Amino acid sequence: SHPGQRRCKLSMTEHNERLLLEMEMNPALLQGSHREQWEAISDLDSFFKRVYNYFDERGLRCILAGRLISLGMLAFTIALSAYLAEAVNWDGLVNECVDESTCAGVKLLRDDSFRSPSPFLVLFLLVFSVYWLWMLLHFFWDLRALLEIRSFYRHKLNIDDSELLVVSWDTVVQRVVELQATARLCIVKDQLTAHDIANRILRKENFMVALVNQKLLPIEPLPGLRLSVMTKTLEWALEVCLLDAMFDGSGFRIRPSFTQDVRGLQRRLFACGALTLLLSPFIAAFMLLFFFLKHAEEFHRRPAASAFSRDYSLHARWCMREFNELPHLFEARVLASAADASAYVRQFPTPLLTLVARFVTFIVGSLAAVLIGLSLINESVLVFYRISPDA
């Protein structure tokens, strides 16, 4: 053949080899010129997490409604905290309102509201206003991803949002597995299984389960004291300092230097501890008010079944958690075991705690009985009588 033709063939061969190498390095090139949106997904971990979260929260409308309600609840709690601390005329309501005539002249709000707020209130409003704005930006940032997942459910899995109310997760997984045969979501293997999908969704959670089961987390305040201090704040710190820093940019490979970077882990834990310590007064005040607002009606209606009722601790939940156990399945198992677990615990009463609780109940019940008796005799005593400071 002609030398020019041989050179042309060699250049074409080199070009094809280079193209194959680029396709291995960049899966998006496997899709050709007409790019299919859901083929050869590079980050399957985050993709399957979004697919599962979309199923768990039951579609786009429920997700948007839930997040908007969360924003509204947070904004209402922040505004109510500010008004209760700075605007309400507590001095007039408590000290000046002694009978019907004096109460009529007491203003509910102070005239000098928010003119000279306390530094604590200013910092409180600043911290939680920034947090609220971050949540709002996160809401808009996630809209595009949510719309893409809705499109995936509709056009690839043939599942509409209304069907998510009755469709099981097994059905979703089965359709994803069937889609792999045609759309090739994953290029590193020909077939996907339910185990592969669950393993990618719960990759970090599996590490947390292993750390708790192997007792590698220092969650006891004092050696030998069987008292777990694992809270949501500590769980967040472990996720940020340990699990997020463990993986590389791909999200599923452990960084080779992670196990050797002791100083880096110490710096991250110290930074999280310092940040938590600085924000703890504001978080405590906010959570106390939010806890009261959330459970006030329940305390009034069903005191025995209020937020103080027995429940699994966060540490117990991680101990019970199985590898690759999805959250909705785990919550169903916990709910099914709650009644039997409470019955089991009642077999081992704590006499000292029972005696103290009985004493407190007697004191509170006696005072309540006296007040009820006074109200039956003369209700005006409870409405208008005030204890004099000289009494």
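The secondary structure of the protein chain comprises 16 helices and zero strands, where helices (H or I, at least four residues) and strands (E, at least two) are DSSP runs numbered from the N terminus. The model is a predicted one, in which local features need pLDDT of at least 70 and side-chain atom pairs count only at pLDDT 80 or more, whereas totals for chains, interfaces and linings use all residues. Residues are numbered from 1 along each chain as its sequence is written, and side-chain values use heavy atoms, with hydrogens and water left out.

Of the 391 residues of the protein chain, 25% count as buried (under 20% relative accessible area, with a 1.4 Å probe and protein chains only). Among contacts (heavy atoms within 4.5 Å) with a separation of 6 or more, 63% are accounted for by residues 24 or more positions apart. Within helix α3 (residues 60-87) lies T77, which is buried, with a relative accessible area of 2%; leaving aside neighbours within four places in sequence, T77 is in contact with F286, L289 and F290.

The second largest pocket holds about 570 Å³ of space, a pocket being an open set of points on a 1 Å grid over the protein atoms alone, where a 1.4 Å probe fits, with protein on both sides within 12 Å along at least five of seven lines, and lining residues having an atom within 4 Å of a point; the volume is the space filled by probe spheres set on the points, which are joined across faces, edges and corners. Of the 19 lining residues, R310, D311, S342, V345 and R346 are the closest to the centre of this pocket. The elements giving two or more residues to the lining are α14 (327-345) and α15 (351-377), and the largest share, eight residues, comes from α14.

Note on methods:
Buried < 20%, exposed > 50% of the residue type's maximum accessible area, 1.4 Å probe, protein only.
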